Amino acid sequence: MAEELPLTGVREGERVVVARYCGEAAERLRELGLTVGTELVVRRRVGLGRVLEVEFRQLRVGMRLSEAACIYVRRC
Amino acid sequence: MLMEQLQGVKTRTVAIVGMPNSGKSTLFNALTGLRQRVANYPGVTVEPVVGRLQRDGQRVELMDLPGIYGLTPRSEDERIALAVLRGELPGAPLPERLLVIADATQLERGLVLLSWMALLQRPTALVVTMVDELRARGGMLDVERLEQALGIPVFTVVGRKGIGIEELRAALLNWEPWGIPLVGLPAEASAEERYEWARRLASQVVRFPQPDERTERIDRIVLHPLLGWVVFVLVMLGFFQAIFTLAQPAMGAIEAGIGWVQEQLETWLPEGVVRNFFAHGLVGGVGSVIVFLPQIVLLYFLLTLLEDTGYFARAAFLVDRFLGRFGLQGRSAFPLMGGFACAVPAILSTRVIPSWQERLTTMLIIPLMTCSARLPVYTLLVGAMVPPVLLGGVVSLQALVMAGLYGLGAASGLVVAWVLRRTVLPGAQLPFFVEFPPYRLPTWRNVFGRAWSSGVEFLRTAGTTILLLSILLWALTELPPASVPPGTPPLEAQRIQLEQSLAGRLGHALEPLFAPLGFDWKITVAVLGSFAAREVFVAFLGQLYAVDVEAQEGTLRQVLSQQLSLPQALSIAVFYVFALQCIATMATLRRESGSWRWVALAFGYTFVLAYVGGWLTYWLARWML
């Protein structure tokens, strides 16, 4: 089983799978389709690296690093 | 209701439900055209828009609700949308049927929303939008198979091109029987289970599209660490420039038109209070309402354009970190920018901010952005009092003082936002996500439609309050009519009137209150009189100093430079940086915040800042100079 790491530690272009969440942001992200087990790609870091653009289920979403820190992922 | 039954017309209500960015509003506009109105329900600040479809005795009302993701609300908009769907919003009809919108390029998410809506047990149809985009990117949709699987009608439309709209409109008017979606999930199914169901169904009926090449190319520049900022600054400058300059001709024309009507009234009516009321109270008041229209329509036009093309989301994302520090969010940037032109359209445009706390905070600090009405005041004071020297031979001192006044307003706005979010408007910042829609050409129907309806709505709501307050203010400066000896020059007559009016007497009475700021009674009267609109300050000073201006055969600027001291001028300027001297802003704030309480808070805090700021400036300037 691959090791879990926060989304903030993922490099650009890397493909990962959502493992678990912490915090409140999780609920809205799950409604958006970023459910546990969803594959996602970190597309780029924007705004001096402080925000992330991720892609999942044909959707692109920008999020703050504080939100990304609460999403734990596994490399696949 | 009875009349309608007698005529055989029954109004049925259908709610349009979709996730944000699903093409909901484009579809709604295509279906209903301009036959729309904003539904007002008591105590609600985010109103559903209602449009009507009608044909030979059939009538269907469509309700465009704010975007939702499921049945758990997280923002004010979502709370209202869900309350309407459940029939829990007082005064709003319970929608008999649902029209669920799904974006063809993201069918899974649309299906998940449908699975939530199935719990409401209402006859439903699914509308799949952006099928043209799906095809252009190599995707495909099997509509029949989707209909069979769900047991409800599925319509495919391209809202921007009007494709499929007629069929949908006919289906709505014919009131064809619709089923309740067959989802086959237990009511308590989790988001994971719903997405798994949607993924499986979607993979059977849709060939997924390739990534959009054009969006990839544009984003490589727009979201580039360096070029992204260049684009952002250019767009902001263009936005700023446009709201400042493009509305000017229309505003000038409105002012000229109002002036012409006033002249006609003055020619045809006998002199007296009645004439004065019609010309200056009523017509002047109407003028003070419609003069805002060009900027409101323009600001909405530009914002819708930015939103529809997909840039708005990226720009909000770029500045989110900076504004986030002050308890605001990325989407606040454009309304704040709009505040530099005029607070009224800017406050209206805060509707682009989904979180209520952040939206209200943005509304409350917009009056601190230096609007164009302060410009005549600054120009007069700075022009009269600050010496026209060049510092180091390059930088004009006058320009520097002007820039300082702009900067002071903006900076204190951010500080106030920070304080508000930690005191009266706390609440964790909503998780900030922006969806990046693919770049698209704007739908002109949408852009013009929203600009138009925002203008109409302003006239119907805030407009009436502004008109009433303008008339009240007219009464304060024109009543009671003063007795002017015959043969008095007109300007001198106006001065006597102003001095003996209620406002004039109030100014005299309040002089001690404003004395610490260095204001004499003339300035106090001009400040009070300009409560309707800041630029009136210049006109009132003109009346109050009319005698001196005539005696010296000079200009108001020359007279002021002799009669005022530099500390006094700076203190007035700083007072105007902060003071909420604008009834139109207050009326709009009341309308958009839903309560006079917030207006009182905005007026209170800006007045304290203005008073303390003016006093400190006066005191410091006298000590230093």
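B:Thr617 is buried, with a relative accessible area of 18%, where buried means under 20% relative accessible area, exposed over 50% and partly exposed in between, with a 1.4 Å probe and protein chains only. The structure is a predicted model, in which local features need pLDDT of at least 70, side-chain atom pairs count only at pLDDT 80 or more, and totals for chains, interfaces and linings use all residues. Residues are numbered from 1 along each chain as its sequence is written, chains are lettered from A and ligands numbered from 1 in the order in which they are written, and side-chain values use heavy atoms, with hydrogens and water left out.

B:Thr617 belongs to helix H30 (residues 596-624) of chain B; helices (H or I, at least four residues) and strands (E, at least two) are DSSP runs, numbered from the N terminus. Not counting residues up to four places away in sequence, B:Thr617 touches B:Leu570, B:Ser571 and B:Val574, contact meaning heavy atoms within 4.5 Å. Another threonine, B:Thr585, lies in helix H29 (residues 583-593) of chain B. B:Thr585 is buried, with a relative accessible area of 2%. When neighbours within four places in sequence are left aside, its contacts are B:Ala343, B:Val344, B:Ile347, B:Pro367 and B:Leu580.

Helix H24 (residues 521-529) of chain B contains B:Lys522. Eight of the nine residues of H24(B) are buried, so this helix is largely enclosed by the rest of the structure. The buried residues are B:Trp521, B:Lys522, B:Ile523, B:Thr524, B:Val525, B:Ala526, B:Val527 and B:Gly529. Their cover includes H21, helix H22 (490-500), helix H23 (502-514), helix H25 (536-544), helix H26 (546-552) and helix H28 (566-578) of chain B. For B:Lys522 itself, the relative accessible area is 17%, and the residue is buried. B:Lys522 is in contact with B:Leu544, B:Tyr545 and B:Asp548, leaving aside its neighbours within four places in sequence. Between B:Lys522 and B:Val577 there are 19 Å in space, C-alpha to C-alpha, and the two are 55 residues apart in sequence.

Helix H21 of chain B holds B:Glu478. With 22% relative accessibility, B:Glu478 counts as partly exposed. Its C-alpha atom is separated by 6.9 Å from that of B:Leu498, 20 residues apart along the chain. Beyond its neighbours within four places in sequence, B:Glu478 is in contact with B:Asn276, B:Gln497 and B:Ser501.

B:Asn276 is also one of the buried residues of H12(B), together with B:Arg275, B:Ala279, B:Gly281, B:Val283, B:Gly285, B:Gly287 and B:Val289. Covering these residues are, among others, helix H11 (248-268), helix H13 (293-309), helix H20 (444-460) and helix H21 (462-478) of chain B. Helix H12 (residues 273-290) of chain B has 18 residues, which at 1.5 Å a residue should span 26 Å; the end C-alpha atoms are 24 Å apart, which agrees. The expected span of a helix is 1.5 Å times one less than its number of residues. H12(B) bends by about 30° at B:Gly284, the bend at a residue being the angle between axes fitted to the seven residues ending there and the seven starting there.

A bend of about 40° occurs in H14(B) at B:Leu318. Helix H14 (residues 311-324) of chain B reaches 19 Å from its first C-alpha to its last, close to the 20 Å expected for its 14 residues at 1.5 Å a residue. Twelve of the 14 residues of H14(B) are buried, and the helix is mostly covered. Among the buried residues are B:Phe312, B:Arg314, B:Phe317, B:Leu318 and B:Asp320.

Helix H18 (residues 375-385) and helix H19 (residues 397-422) of chain B pack at an angle of about 145°, with their axes 10 Å apart. Axes are lines fitted to C-alpha atoms, for helices over the stretch in contact, and angles run from 0 to 180 degrees between N-to-C directions. In this pair, B:Leu375, B:Tyr378, B:Thr379, B:Val382 and B:Gly383 of H18(B) meet B:Gln398, B:Val401, B:Met402, B:Leu405 and B:Tyr406 of H19(B).

Most residues other than glycine have a negative phi. A:Arg57, although not a glycine, has a positive phi of about 45°. A:Arg57 is placed in the loop between strand E4 (51-56) and strand E5 (59-64) of chain A, and is buried, with a relative accessible area of 15%. B:Met130 likewise is not a glycine and has a positive phi of about 60°.
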